[in-house]
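Please look at the structure below before reading on.

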Amino acid sequence: MPIEPKLRPCPFCGSDKTKLHGPDERGDYYSVLCDDCNAEGPPGEDGLYASELWNNKSDSHCVLVLSRVEIFAAVVVPILLGAWFWGMFLRLTNQ
Ligand SMILES: [Zn+2]
């Protein structure tokens, strides 16, 4: 029996119904799956590694969400502001 480390709750839905699955059809990889929302952790070559990846992902989930917001703020907001200023510029120059 392989030793299964304790799995953290799902970073997406908070469920603790997380299970280690594997190896997959090709016999290559193990991964942790959430029974509630079907989230899948990164694949690992063995159960222990897959569990570690899953647990690390739980740690970095908040950072990941934050960085998406930051990307939105850094890319979309300047484009919208630029378009607004361009519109103002055209209106002013046409008068
Ligand atoms: Zn889940």
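Q: Where in the protein chain is Y29 placed?
A: This is a predicted model, in which local features need pLDDT of at least 70 and side-chain atom pairs count only at pLDDT 80 or more, while totals for chains, interfaces and linings use all residues. Residues are numbered from 1 along each chain as its sequence is written. Helices (H or I, at least four residues) and strands (E, at least two) are DSSP runs, numbered from the N terminus. In these terms, Y29 has its place in the loop between β1 and β2.

Q: Is Y29 buried, partly exposed or exposed?
A: A residue is buried if 20 or more other C-beta atoms lie within 10 Å of its own, exposed if 12 or fewer, and partly exposed in between, with C-beta atoms placed from the backbone. Y29 has 17 other C-beta atoms within 10 Å, and therefore it counts as partly exposed.

Q: Which residues does Y29 touch, not counting those up to four places away in sequence?
A: Two residues are in contact if their C-beta atoms, placed from the backbone, lie within 7 Å. A separate C-alpha to C-alpha distance, between Y29 and G47, is 8.2 Å, for residues 18 apart in sequence. Leaving out residues up to four places away in sequence, Y29 touches G22, P23, D24, P43, G44 and E45.

Q: Is the peptide bond from G22 to P23 cis or trans?
A: P23 lies in the loop between β1 (18–21) and β2, and P23 is one of the residues that Y29 touches. The omega of the bond from G22 to P23 is near -5 degrees, and this peptide bond is cis.

Q: What is the phi of N38, and is N38 buried or exposed?
A: N38 is found in the loop between β2 and α1. Although N38 is not a glycine, its phi is positive, at about 65 degrees. N38 has 10 C-beta neighbours inside 10 Å, so it counts as exposed.

Q: Is P11 buried or exposed?
A: P11 is found in the segment before β1, and its C-alpha atom is separated by 9.4 Å from that of C34, which is 23 residues apart from P11 along the chain. Because P11 has 20 other C-beta atoms within 10 Å, it is buried.

Q: Which residues does F12 touch, not counting residues up to four places away in sequence?
A: F12 lies in the segment before β1 and, with 14 C-beta neighbours inside 10 Å, counts as partly exposed. The C-alpha atoms of F12 and D36, 24 residues apart along the chain, are separated by 9.8 Å. With residues up to four places away in sequence left out, F12 touches C34, C37 and A39.

Q: What separates the C-alpha atoms of N56 and G41?
A: N56 lies in helix α1 and is partly exposed, with 13 other C-beta atoms within 10 Å. N56 and G41 are 15 residues apart along the chain, and their C-alpha atoms are separated by 9.8 Å.
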